Amino acid sequence: MGKQRDLSTGIVAQIQALRQQGLTQTKNAEQLGISQSSVCKALKKNCSKRTNCSGVRKTSARDNKQLRKIAVSNRFKSTSELTDLWNKQTGADVSRSTTYRRLRELGFKSRVPAVKPMLNKKQMEKRLKWAKEHGEWTAEDWQKVVFSDESRFCISFGDQGSRVWHRGGETYNHECVKRSVKFPQSVMVWGCMSAPGVGKLCFLKKTVNAAVYQDVLETFLIPTVEEQFGEEDFIFQQDLAPAHAAKSTKDWFTKKQLEVLAWPANSPDLNVIENLWAIVKRKIRDRKPTTLDQLKQNIATAWEAVSAETCDKLVKSMPRRLQAVIQAKGAATKYRESDDCNYNKNYSNSMKRFLHYSNSIKQQCHS
């Protein structure tokens, strides 16, 4: 369909005059013999040419600058709470919707926050120092490192995100609710990887103490490095879990003459294997296992399907990760870690304990 011609100046003037008389857009269109959409466009076009069409703004540039400071200082407060603070500090009398529009104009958007491990000042300083010390390492240097970690896998209950699309009255429909169980079936897995590819995978059957961990290293790490590196030197990476940092484990590394990379605490964003766990978990969710045996089989299949190219690409990202830590001055970076399937449950339990404690304090204050 071709583009319609613009209405003449005379027709537009008649539309405005009839509108001022109180005629609706439909009646206006019938009287002039044109479409209702043409009337609507003519009125909107006329409005856009006028200054302050929607009325005088209730806030000044100075007020908006104050709102920016309030928003930056109160990242987790709701729009209503920010409105109250804004009105109190500036003496203005704006509504919640006005605050929301100004925040959007200032570039702020309300989003689900990213979840990162808590870092104290000392840990951030150590992360920054570590990143600077290893900042001169090249991608080739990192290709000599074997990255390792444990991760928990849970039986999935479908593709359930933090939000759901539903219409009015569908809140509690079966396909719209997020299902949960008190004790989801899960399995803990230990794995390692380096630039040449993934290593041997171990399904942990019991709590990992120092003795169990050393047995895992003997059974699964040693064969992997012999296959991938042969007689060449390599460096082993591990986090600071108690079993990893135990004296007997350190003695085991000394006996085996294995070099261990010093690692900063609470730094999963620096461990490239975390991205590998995330890749495997996405594939597991697509297959939707219903039993532990199916879950283990799917994990093993997805792990073995990871290509050497993917591993090499992840390892080559290490210089960029270090630079991100330096730019963040030791704080958390954009690089993700794999989701723990127990996070939502742990968060829920923590919130319940917090609410219980808050209620008990309130009761004591009112008694």
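Me: What makes up the lining of the second largest pocket, by class?

Reply: The lining has eight nonpolar, four polar and six charged residues. Ala, Val, Leu, Ile, Met, Phe, Trp, Tyr, Cys and Pro count as nonpolar, Asp, Glu, Lys and Arg as charged, and the others, Gly among them, as polar. This is a predicted model, in which local features need pLDDT of at least 70 and side-chain atom pairs count only at pLDDT 80 or more, while totals for chains, interfaces and linings use all residues. Residues are numbered from 1 along each chain as its sequence is written, and side-chain values use heavy atoms, leaving out hydrogens and water.

Me: Why is a set of grid points called a pocket and not a cavity?

Reply: On a 1 Å grid over the protein atoms alone, a cavity is a set of points where a 1.4 Å probe fits but cannot get out, whereas a pocket is an open set with protein on both sides within 12 Å along at least five of seven lines. Lining residues have an atom within 4 Å of a point. By that rule the second largest pocket is lined by 18 residues, and R75, K77, K109, S110 and R111 lie nearest its centre. Its volume is about 540 Å³, a volume being the space filled by probe spheres set on points joined across faces, edges and corners.

Me: Which element gives the largest share of that lining?

Reply: α6 does, with four residues. Both α5 (79-90) and α6 (96-105) supply at least two residues. Helices (H or I, at least four residues) and strands (E, at least two) are DSSP runs, numbered from the N terminus.

Me: What makes a group of residues a nonpolar core?

Reply: The members must be buried Ala, Val, Leu, Ile, Met, Phe, Trp, Tyr or Cys residues, joined through side-chain atoms within 4.5 Å. Buried means under 20% relative accessible area, exposed over 50%, and partly exposed in between (1.4 Å probe, protein chains only). The largest core has 33 residues, and W142, F147, F153, M193, L276 and I299 have the most contacts inside it. α12 (273-287) is among the elements that give two or more residues to this core, and α12 gives the most, with five. A second, separate core of 19 residues includes C192, L221, V225 and F236.

Me: Which residues does W142 touch?

Reply: Contact means heavy atoms within 4.5 Å. Not counting residues up to four places away in sequence, W142 touches W130, H134, W137, F147, L261, V315, M318, P319 and L322.

Me: Why is β1 described as largely enclosed?

Reply: Nine of its ten residues are buried, so the rest of the structure largely encloses β1.

Me: How do you know that β1 pairs with β2 and β5?

Reply: Two strands pair if DSSP finds at least two bridges between them. Eight bridges join β1 to β2, and these run antiparallel; one of the bridge partners is C192 in β2, for S148. Two bridges join β1 to β5 (residues 235-237), and these run parallel, with I235 of β5 the partner of V145. Both pairs therefore meet the rule.

Me: Why does Q257 count as exposed?

Reply: Its relative accessible area is 73%, so Q257 passes the exposed cut-off. Q257 sits in the loop between α11 (247-256) and β6 (259-261), and has a positive phi of about 55 degrees although it is not a glycine.
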